[in-house]
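Okay, everyone, thanks for coming. Let me put the structure up, and then I'll talk you through its surface, its overall build and a few charged pairs.

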Amino acid sequence: MQLTALDLTDYRSYERLTLPVTSGITVLVGKNGQGKTNIVEAVWYLATLSSHRVPHDAALVRRGESTAIIRASFVRAGRNLQVDLEITPGKSNRARVQGQNVARLRDLLGEVRAVLFAPEDLGLIKGDPEGRRRFLDELLFEIAPRFASVKADYDRVLKQRSNLLKQMRSMRRGGAGRSVAGLDPADSASSTLEVWDQQLARFGAELLRARLHLVNRLRPHLGYSYLRVATDEGAEESLDLPPDQRGNLSSPADVAYRSTVLDELGTEAGELPGTQEIHDCLLGLLASRHDDEIDRGVTLTGPHRDDLEIRLHDFPAKGYASHGESWSLALALRLASYDLLRLEEGDLGDGEPILILDDVFSELDVHRRERLGRIVTSASQVLITTANDTDIPGSLDGEIHVVDVSLGDATPRDPRDGGLR
């Protein structure tokens, strides 16, 4: 799919911005703090309903205003697509697709497909499991939006169950309290906990299996993408391998989904247990840990505790990979996501996702810049932000459209006024 126009109203630093966008490579150039990232962040928000920079919506609204509006026009599968989003912190955000109101905001997921690589992605390698779970879920929701509802249901049950565990911990420490209508409070709480166990196992099994299936599909692309960004030979266009040949490559990079449920089942790499099998195992683990959970007041088993394990040379990348290797791994994860959407999901008629590179060339050494340039040159649409023209690699071939960004404004540069170099 391709972005053709972007309109922002009271979004971040923009009181009003109207920006036409063409296919191919668009480079947003401007000094730091001028609003380059704000533009690509708005596109990413439409794809994922989240920012890659901040956890809350309040920072997305221009200071002094109550609502920010993102309007974007796309071409997807040969048809025009119009998406409008109103962001109002403290209230429910609202969205429209083709001028029609969207009943639930998460129904917007899957309409816009994009892959973003940003300096924050180094946290995928060096950071906590939460960021890696979010990475998986964002990609999963782009491919199969219905799992956003499964995740929302899981989070709702998890919150209720954890609140009950805290109540049971208080009862355990301070006594059971008085009976109500002849029912012992501890017995009543235990019965309720079993109900929440059933619900958590139901939604958790669906989410866990979907994540595992995604990781199994992502693995060959990850290993292949790492070779492309880590070696000059791998980035050559002549070595662009089709998906069915990538799993046969020997790569130092690997990825696996880690879960106590899969450990209990003895699941091997590449295997995919059935949903019922995962459900029964998860339910059994929940029941077996009731005492520990009540003592701690938290739910100790489930997809919210899982992790995406990233390995290099058969060692955990976190703590083992060098800074340069960590950058290559983070970039390989995003390129693997891009290839998964482009090659394996393209048969749905969606075409390529929008590839966004947010201020990444300045973070890469010259060799990785050149490799990345060779890899993304043939992409249908690439949005790049940079503070310095000299950071753009010479290997980024073809016609490059430049947009000059200054505080509150973004203006396409006339090709007659000169390009990047």
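So, the protein chain exposes about 19,000 Å², and carbon and sulfur atoms supply 46% of that; the areas come from the Shrake-Rupley method with a 1.4 Å probe. Keep in mind that this is a predicted model, where local features need pLDDT of at least 70 and side-chain atom pairs pLDDT 80 or more, while totals for chains, interfaces and linings use all residues. Residues are numbered from 1 along each chain as its sequence is written, and side-chain values use heavy atoms, with hydrogens and water left out.

What share of the 421 residues is buried? It's 49%, with buried meaning under 20% relative accessible area, exposed over 50%, and partly exposed in between (1.4 Å probe, protein chains only).

Along its principal axes, the C-alpha trace spans about 85 × 55 × 35 Å.

Now, salt bridges: the structure holds 29, each a side-chain nitrogen of Lys or Arg within 4 Å of a carboxyl oxygen of Asp or Glu. Take Glu-41 and Arg-53, whose closest N and O atoms are 2.9 Å apart. Glu-41 sits in helix 1 and Arg-53 in the loop between helix 1 and strand 4, so they tie together parts 12 residues apart in sequence; helices (H or I, at least four residues) and strands (E, at least two) are DSSP runs, numbered from the N terminus. Glu-41 is buried at 0% relative accessibility, while Arg-53 is partly exposed at 32%.

Then there's Arg-16 with Asp-7, at 3.8 Å, N to O. Arg-16 is exposed, at 52%, but Asp-7 counts as buried, at 19%.
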